[in-house]
Amino acid sequence: PDMLALALVIAAISPGELNQVRDYVERIEYAARSILEYWLIGPESQTITVLKLVNEQYGEHGVFQRDDRLTSPTFGLLQLTAS
């Protein structure tokens with residue numbers, strides 16, 4: 001079935017090696033669907049990693065923590081901190 005085009009997926013990084021492999025596979029699937037941004041929330045590292053789709057692969061836009069102002073290539077008017 002056809003799915004709506006998504007601009008953003010936000011996911012929490014799963015603990016454990018098996019879950020991390022699943023998270024990596026999901027990243028490939030999201031890129032194949034041309035989702036512009038993929039944010040990874042790291043509960044253990046207390047970070048948010050913003051990935052941007054470039055040439056069908058995700059490249060790191062930035063890693064944000066605590067009171068860092070989170071920036072987004074797609075949503076430039078966003079006013080959030082990592083907290």
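These are my notebook entries on what I looked up in this structure.

**Entry 1: the model.** I am working with a predicted model, in which local features need pLDDT of at least 70 and side-chain atom pairs count only at pLDDT 80 or more, while totals for chains, interfaces and linings use all residues. Residues are numbered from 1 along each chain as its sequence is written, and side-chain values use heavy atoms, with hydrogens and water left out.

**Entry 2: the cores.** I looked up the largest nonpolar core and found 10 residues in it, namely Val9, Ala11, Tyr30, Ala31, Ile35, Tyr38, Leu40, Leu51, Leu53 and Tyr58. A nonpolar core is a set of buried Ala, Val, Leu, Ile, Met, Phe, Trp, Tyr and Cys residues joined through side-chain atoms within 4.5 Å, where buried means under 20% relative accessible area, exposed means over 50%, and partly exposed lies in between (1.4 Å probe, protein chains only). At least two residues of this core come from each of β1 (8–12), α1 (17–32), β2 (37–42) and β3 (47–54); these helices (H or I, at least four residues) and strands (E, at least two) are DSSP runs, numbered from the N terminus. Another core, of six residues, lies apart from it and includes Ile48, Val50, Phe64 and Leu70.

**Entry 3: Leu53 and Thr49.** With residues up to four places away in sequence not counted, I noted that Leu53 touches Ala31, Ser34, Ile35, Leu36 and Tyr58, a contact being heavy atoms within 4.5 Å. I then turned to Thr49, which lies in strand β3 and is buried, with a relative accessible area of 14%. Under that sequence limit of four places, Thr49 touches Tyr38, Trp39, Leu40, Glu60, Gly62 and Val63.

**Entry 4: Arg22 and its partners.** I searched for salt bridges (a side-chain nitrogen of Lys or Arg within 4 Å of a carboxyl oxygen of Asp or Glu), and the count came to one. The side chains of Glu26 and Arg22 form a salt bridge at 3.8 Å, N to O. Glu26 and Arg22 are separated by about one helical turn, because they stand four residues apart in helix α1. Glu26 is partly exposed at 23% relative accessibility, and Arg22 is partly exposed at 39%.

I also followed Arg22 to Ser14, since a polar contact of 2.8 Å joins their side chains; such a contact is a pair of N or O atoms within 3.5 Å, where within protein one must be able to donate a hydrogen and the other to accept it, and residues adjacent in sequence count only if both atoms are side-chain atoms. Ser14 lies in the loop between β1 and α1 and is buried, with a relative accessible area of 11%.
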